[in-house]
Amino acid sequence: MRQIQTFTSTYTADVSGVPSALYELGGMSIMHDASGCNSTYNTHDEPRYYDSKSMVFITGLSEMEAIMGDDQKLVNDIIKAAKELKPRFIAIAGTPIPMITGCDIEANARVIESETKIPTFGINTNGMHSYVEGAGEALLHYAKAFVKKNIKKKSNSVNILGATPIDFSVNGQIESIKKFLESNGIKVISNFALGCDIDEMANAGEASVNLVVSSVGIKIAEYLQNEFNTPYIVGVPYGNQMKQDLIKAIVGASFATPSFISDIGNKFKNEKIYIIGESVTSKSLARYIYNKYGHTAKVISAVELGNTYHGDIVKNLNVRDNVALEKFDLHIEDEDNIAEAIKDAKMVIADPLYRPIVPSKAIFVNHPHEGFSGRLFRKNILNLIDIL
Amino acid sequence: MLRSVSEEHGNIAIGKSLKEINADAPFDTGLEYGCPARGTWNIVHTGFLVPECHEVFVCAANCLRGVVLTAAEMGTIGQFSTVTIKENNVLDGNMEELLIDGVTSIIKKLKKKPRAILVYTSCIHHFMALDLDLCYKTLRKRFPKIKFTDCYMNPIMRKSGMTPDELMRRQLYSLIDKTDKKDNGINIFGNNYATDESSDLVRLIRSSKYKLRDITYCRTFDEYEEMGKSRFNIAYLGVAKKGLYDISNKLDQEAIFIPISYDPNTIKSYLKTLADTINVDINKFDFKEDEALTKLKEAKKVIGNTAIAIDYTFTPATLSLAKLLLDYDFNVKKIYIDSIGEKDILDEIKKKYSDRDIMFYPTVNVAMRKNDREQSEKYLALGQKAAYFTDTNYFVNEVECGGHYGFDGIKRLAENMIEANSKEKDASILIQKKGLGCNCLL
């Protein structure tokens with residue numbers, strides 16, 4: 001049956017994706033929720049929470065406020081907090097009950113912005129999608145509000161898009177990508193948004209190409225493409241071959257640039273090797289395995305793909321070349337369907353919490369993902385940029 | 001009026017002095033902040049006190065995330081499953097079907113069938129008017145050998161009706177059947193922690209003809225069910241009070257509520273009530289009052305004038321504890337508490353200690369995120385939130401009074417304070433672990 005997880009975990013939801021993406025940017029992220037979203041986020045989804053002062057709050061929505069449609073309290077409470085805390089911007093993320101009661105998050109955001117003169121985004125999350133949607137939307141809103149227009153491009157330069165601890169933990173992977181690029185003559189204009197600099201982010205329009213390192217970055221990449229005519233390429237450089245391919249791709253990037261991770265194509269043989277996780281990082285790992293060992297792995301994206309498509313199982317994928325998955329890959333979000341897809345597996349590479357549904361005969365390779373197991377295996381998450 | 005150094009340095013003045021604090025409306029409400037102290041148990045931890053059970057949560061993905069990882073971190077994910085609600089279920093109105101078929105599918109896949117299943121529904125079911133009766137009736141018919149009970153993860157109700165925590169303490173005992181075959185049993189009701197064997201409460205019961213039962217002792221579902229045979233239910237945590245009366249009424253048991261207190265006369269009074277009920281001569285019972293209060297004096301000597309901070313998660317009788325410490329001349333300076341239920345005790349403190357520099361702080365106010373935690377002097381904290389907000393590694397790491405009760409509880413408190421005052425702990429590691437005392441794989 002779909003929609004059940006008998007043995008495994010569940011992914012970070014859209015509502016947590018919003019503060020995760022915006023965490024370092026000086027804003028105030030508010031989850032319009034009764035309670036619970038905040039502790040889930042700051043316990044399991046946010047490794048930076050303990051010592052920092054980033055402003056992430058809930059509205060504490062009550063039964064009566066929901067029934068009476070008392071949006072005024074939401075507005076008043078946010079305005080009051082904003083006056084005290086003076087954030088650079090305000091982001092409001094919806095949850096299931098505001099969705100049911102038809103709370104107009106965007107309209108409330110406009111009222112708050114009008115009153116406070118602080119840029120305010122209403123983000124229509126509802127707690128029913130993965131972090132890919134929430135974080136992607138949050139970065140998109142941020143870019144629309146803060147990236148400078150009419151800016152001159154710089155050749156051989158990139159923005160790194162889609163970096164959050166949910167996919168990359170806090171073990172220096174994004175910093176490693178940045179160091180690698182800069183040591184190869186590629187200027188990193190900005191990074192959205194892990195270990196980032198808000199002044200650099202404002203200049204994101206300068207980049208000659210955008211590097212999307214997770215599906216979280218696809219929406220903002222499409223925006224920057226439309227706004228600044230900047231092409232984007234998708235993938236994370238694991239191993240020397242991919243690093244060289246990435247430099248070539250950046251230097252020669254155009255809108256027709258083939259993906260440097262999604263070009264297995266007809267070389268795919270069903271070797272019953274599966275990688276389960278987020279599409280871009282998983283597909284990058286599959287490409288590394290092919291480069292290094294000559295084996296082809298099938299990726300099962302267990303979260304949304306980051307583009308505008310929402311669906312459970314994509315058959316005969318007809319997505320753009322620069323979105324990660326290929327036709328032989330799968331997009332499955334349900335435990336039962338994933339278990340069915342891997343029942344013939346010889347090897348599965350996935351978060352340890354997938355272990356119970358992996359056939360006992362298959363080799364299981366632990367590949368912890370904060371988006372699935374939270375902080376549980378954080379110590380075991382490797383900086384694959386450096387070690388592969 | 002003295003203010004903390006942090007407030008002098010441009011932080012938001014959210015604290016209220018003893019003179020300013022008002023029990024009815026201690027602090028403004030608004031957006032809420034969650035500090036990273038995670039030792040208090042949640043409904044997942046508490047549910048797993050039922051032996052041989054399986055928990056199923058039916059909610060939207062964002063609500064599931066926190067609970068499934070609670071189970072994973074405590075090593076019980078094998079007894080935990082989820083059913084995810086999506087938009088189509090809301091629009092199609094097939095929430096009953098989703099719950100029934102989801103739970104059915106989960107049960108069919110479990111190799112070892114549980115004795116009981118705790119099904120947790122959520123805020124969304126409340127608003128969609130889910131027909132719970134139909135769901136449970138159908139499940140009970142399909143799986144007659146498994147007991148089902150309704151549990152709730154509906155934080156939207158925390159400001160109206162029974163809170164989720166109160167509901168959980170009640171539903172924890174809802175799987176017990178009523179029986180006419182009563183024995184000489186007494187249940188301690190509604191606690192996450194076993195009450196200390198050395199406590200006045202347990203010693204008193206052990207000195208009687210009655211047999212003590214507690215869900216925390218139960219290792220099998222059969223043992224759990226035997227709690228229905230007991231004649232009395234005793235609770236001492238406020239959060240268990242409503243459940244105590246509901247369940248006692250349902251199971252034809254006598255309810256005794258003797259709330260935790262740090263006031264010697266109150267402790268004796270409650271224990272006398274219990275002693276009278278279970279036919280123990282209280283005059284022959286050694287409260288060990290002197291031993292406890294001597295230890296407290298010793299603690300004062302060791303700790304001296306070190307500043308003390310207390311938070312409400314340490315004990316539900318937060319102000320009773322504060323008053324005891326003030327009575328023994330401890331330097332209580334900060335109390336972290338969002339709402340005040342002990343109005344009379346606050347009045348007593350105000351009357352008796354009006355000259356003392358005691359500040360009250362909320363824990364959820366957004367200013368608590370902004371304000372500096374660093375203090376200009378050493379703090380000894382009682383509770384995880386107090387430790388976090390005063391940025392100290394000198395703290396007593398307990399929640400919900402840790403199973404201590406009565407004069408023995410005071411003695412243990414004093415011992416723990418002496419130890420905490422001299423030995424630093426790593427607060428950043430300890431307080432972020434969920435469910436203090438549960439297994440933790442972190």
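A residue counts as buried if 20 or more other C-beta atoms, placed from the backbone, lie within 10 Å of its own; it is exposed at 12 or fewer and partly exposed in between. By that cut-off, buried residues make up 52% of the 442 residues in chain B. The model is predicted: local features need pLDDT of at least 70, side-chain atom pairs count only at pLDDT 80 or more, and totals for chains, interfaces and linings use all residues. Residues are numbered from 1 along each chain as its sequence is written, while chains are lettered from A and ligands numbered from 1 in the order in which they are written.

**Chain B overall**

- Chain B holds 19 helices and 14 strands. These are DSSP runs numbered from the N terminus: helices are H or I with at least four residues, strands are E with at least two.
- The radius of gyration of chain B is 23 Å, close to the 22 Å of the globule rule for 442 residues, so the chain is as compact as a globular protein of that length. The radius is taken over C-alpha atoms, and the rule is 2.2 Å times the number of residues to the power 0.38.
- The C-alpha trace of chain B spans about 65 × 55 × 40 Å along its principal axes.
- Two residues are in contact if their C-beta atoms, placed from the backbone, lie within 7 Å. Of the chain B contacts between residues at least 6 apart in sequence, 76% join residues at least 24 apart.

**Strand S10 of chain B**

- Strands pair if DSSP finds at least two bridges between them. S10(B) pairs in the parallel sense with S11(B), residues 331-336, over 5 bridges. There, Asp311(B) has Tyr336(B) as its bridge partner.
- S10(B) also pairs in the parallel sense with S13(B), residues 379-382, over 4 bridges. Ala309(B) is bridged to Ala381(B) in that strand.
- S10(B), helix H14(B) (residues 318-327) and S11(B) make a right-handed β-α-β unit. Right-handed means that, with the strands pointing away from the viewer, the path from the first strand over the helix to the second runs clockwise.

**Contact between the chains**

- Chain B gives 51 residues to the contact and chain A gives 52.
- On the chain B side, H3(B) gives the largest share, 10 residues.
- By class, the chain B side divides into 26 nonpolar, 12 polar and 13 charged residues. Nonpolar means Ala, Val, Leu, Ile, Met, Phe, Trp, Tyr, Cys and Pro; charged means Asp, Glu, Lys and Arg; the others, Gly among them, are polar.
- Strand S1(A), residues 4-5, runs antiparallel to S3(B), and 2 bridges join them. Ile4(A) has Val83(B) as its bridge partner.

**Domains of chain A**

- Chain A is assigned domain 1 (14-143), domain 2 (157-251) and domain 3 (265-387). The bounds come from an automatic or database domain assignment.
- The C-alpha centres of domain 2 and domain 3 of chain A lie 22 Å apart.
- 27 residues of domain 2 of chain A are in contact with 25 residues of domain 3 of chain A.
- On the domain 2 side of that contact, H9(A) gives the most, with 4 residues.
- This side of domain 2 of chain A has 15 nonpolar, 10 polar and 2 charged residues.
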